[in-house]
Amino acid sequence: MNFGVLRVLNDDTVKGGMGFGTHLHRDMEIISIPLEGDLKHGDSMGNEGIIRKGEIQVMSAGTGIMHSEMNGNQGETVKFLQIWVLPRQKGVKPRYDQINIEKDKKINDFQQILSPNPDDAGVWIHQDAWFNMANFTAGNSKTYKLNKEGNGVYVFVIKGKAKIGDQVLDQRDGYGIYDTSEFDLEALEDSQILLMEVPMQLP
């Protein structure tokens, strides 16, 4: 995909014991959000572990990192989102982080899970991007205000049904919004929605 610096939004399903073997990334901010099951991670920096539903993982590939992602269980399917964002600068030192976002879950409000700021809520990346998770019950709405001029927001409905203006979004629908400073998001059903605010101008 090509929505500003948002390059990839993969909605992956991996069968038990399967996955993505060791491969190389450079100069990319890579975010993984498990939706179901356990995702086993390993990389060339020595990080190994399991990422579970309710957590978010980020890697700054920078000068280069080898990593793998496998289903952590033989008998269960794992589902996860993997998102690639171009960084504002190339050649940064590779880094890895993983946190629990379930403990700070909000209902009928936006929960920030990613930003450019190491001291802010959620994980951080080398880009002026803000990700929010919206867990809305049916009939609730809220205005999203963009953090930076020149940014746009790609809205992805993980589950449920939502509406932005006259646009109705079903489960797994995506919708890009730009050239605005705010918009209203309404849940037509109980919904989980990911909002990815990113610069529209390439670095």
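Reader: What is the general idea behind a salt bridge, and how many does the structure hold?

Author: Side chains of opposite charge can pair when their charged atoms come close. In this predicted model, the structure holds eight salt bridges.

Reader: Which residue forms a salt bridge with Asp11, and how far apart are the closest N and O atoms?

Author: The partner of Asp11 is Arg172, and the closest N and O atoms of this salt bridge are 2.5 Å apart. Because Asp11 belongs to strand β1 (residues 6-14) while Arg172 sits in the loop between β16 (167-169) and β17 (174-177), the pair ties together parts that are 161 residues apart in sequence. Asp11 is partly exposed, with a relative accessible area of 34%, and Arg172 also counts as partly exposed, at 30% relative accessibility.

Reader: Where do Arg88 and Asp128 lie in the chain?

Author: The side chains of these two residues, Arg88 and Asp128, meet in a salt bridge with an N to O distance of 3.0 Å. Arg88 is in the loop between β8 (78-85) and β9 (95-100), and Asp128 is in the loop between β11 (123-124) and β12 (130-136), so this pair ties together parts that are 40 residues apart in sequence. Arg88, Asp128 and Lys148 are linked in a network of salt bridges.

Reader: Which parts of the chain does the pair of Asp109 and Lys142 link?

Author: The side chains of Asp109 and Lys142 meet in a salt bridge of 3.6 Å, N to O. This pair links distant parts of the chain, with Asp109 in the loop between β9 and β10 (110-115) and Lys142 in strand β13 (residues 141-145), 33 residues apart.

Key:
Residues are numbered from 1 along each chain as its sequence is written. This is a predicted model: local features need pLDDT of at least 70, side-chain atom pairs count only at pLDDT 80 or more; totals for chains, interfaces and linings use all residues. Side-chain values use heavy atoms; hydrogens and water are left out. A salt bridge is a side-chain nitrogen of Lys or Arg within 4 Å of a carboxyl oxygen of Asp or Glu. Helices (H or I, at least four residues) and strands (E, at least two) are DSSP runs, numbered from the N terminus. Buried means under 20% relative accessible area, exposed over 50%, partly exposed in between (1.4 Å probe, protein chains only).
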